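This report covers the overall dimensions of a model, then a few residues and helices in turn. The sequence and structure come before the text they belong to.

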Amino acid sequence: MSDVKRKIGIMGGTFDPIHTGHLVIAEAVRIEYNLEKVLFIPAANPPHKQHSQIEPSIHRYIMTVMATYSNPHFYVSPIELERSGLSYTIDTVRALIEQYGDKTEFYFITGADAIQDLPTWRHIDQLLDLCHFIAAARPGSICSLDHIINNLGVKGRQRIHRLPNPELEISSTDIRERVGLGRSIKYIVPESVESYILKEGLYSR
Ligand code: ATP
Ligand code: MG
């Protein structure tokens, strides 16, 4: 049997809505790390967004499917939507290891803002044993990525890798605000996502 490991990317997010920033970063990581595929995993109840109003998961899931369908390497997994309770990444990664086998290497794709929060993630120490983290630069991060990685000690330095990407000034928060104000979101989200948002009246006040 071959010892070559499968390499799979995980792009977790609220995707409220999914945007070009998510897609560009995921594709850059796929190419840089030669990943077989990237699984986009919409969170049902993100622990860090318990106090914010988010759109029902069915809308976020449909938009994620529409945004990714044309890339043959992109897939959407409903794994967190099918699980009740808060969406902890450690539970998701454990379930994926069970599904794909422990010969698979997982690459969790995040922006610098998420890396900043990593020390507060549930069982972060075990999570760093189970997958690599790829940190994409993002505008507006408070501390430098190197500083954050160093604070996570040896394991952080071994398992968190920086993506040499240009920063993209795109966020779902900005998109929701733009829609609320009646401003254009063309080219910030795929055309199908733009049409869906307008048709369903999402984010309009
Ligand atoms: P919100 O403004 O609602 O928090 P968001 O744009 O941050 O939305 P999320 O669904 O929260 O999108 O993010 C999912 C993942 O994608 C996170 O790891 C986040 O850091 C990353 N990400 C989102 N936008 C970018 C971007 N422009 N550049 C790099 N990473 C990004
Ligand atoms: Mg966010």
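A residue is called buried when its relative accessible area is under 20%, exposed when over 50%, and partly exposed in between, with a 1.4 Å probe and protein chains only. The model is a predicted one, in which local features need pLDDT of at least 70 and side-chain atom pairs count only at pLDDT 80 or more, whereas totals for chains, interfaces and linings use all residues. Residues are numbered from 1 along each chain as its sequence is written, chains are lettered from A and ligands numbered from 1 in the order in which they are written, and side-chain values use heavy atoms, with hydrogens and water left out.

| Residue | Relative accessibility | Class |
|---|---|---|
| T110 | 5% | buried |
| I175 | 0% | buried |
| E177 | 41% | partly exposed |

T110 belongs to strand β4, residues 104–111. Helices here are DSSP runs of H or I with at least four residues, strands are runs of E with at least two, and both are numbered from the N terminus. Because its relative accessibility is 5%, T110 counts as buried. Contact means heavy atoms within 4.5 Å. Neighbours within four places in sequence aside, T110 is in contact with I115, F133, I134, A135 and A136.

**Helix α8**

Helix α8 spans residues 172–180 and includes E177. Not counting residues up to four places away in sequence, I175 touches P17, H19, I170, I185, I188 and V189. D16 is 159 residues from I175 in sequence, yet their C-alpha atoms are 8.9 Å apart. For E177 and R205, which are 28 residues apart along the chain, the C-alpha separation is 9.7 Å.

The buried residues in α8 include S172, I175 and V179. These cover an arc of only 55 degrees around the axis, so they sit on the same side of α8. The arc is that of the directions from the helix axis to the C-beta atoms. An α-helix has 3.6 residues a turn, so residues three or four places apart point the same way. The buried residues of α8 pack against α1 (20–32) and α9. After α8 comes G182, with a positive phi near 75 degrees.

**Helix α9**

In α9, residues 191–200, V193, E194, Y196 and I197 are buried. Seen down the axis, the buried residues of α9 fall within an arc of 165 degrees, so they line one face of the helix. E191, L198 and K199 are exposed on the other side of α9. The cover over the buried residues of α9 includes α2 (57–68) and α8. Just after α9, G201 has a positive phi of about 65 degrees.

**The whole protein**

The protein has nine helices and six strands. Its radius of gyration is 17 Å, close to the 17 Å given by the globule rule for 205 residues, so the protein is as compact as a globular protein of that length. This radius is taken over C-alpha atoms, and the globule rule is 2.2 Å times the number of residues to the power 0.38. Along the principal axes, the C-alpha atoms fill a box of roughly 50 × 40 × 35 Å. Of the 205 residues, 45% are buried. Among contacts between residues at least 6 apart in sequence, 78% join residues at least 24 apart.
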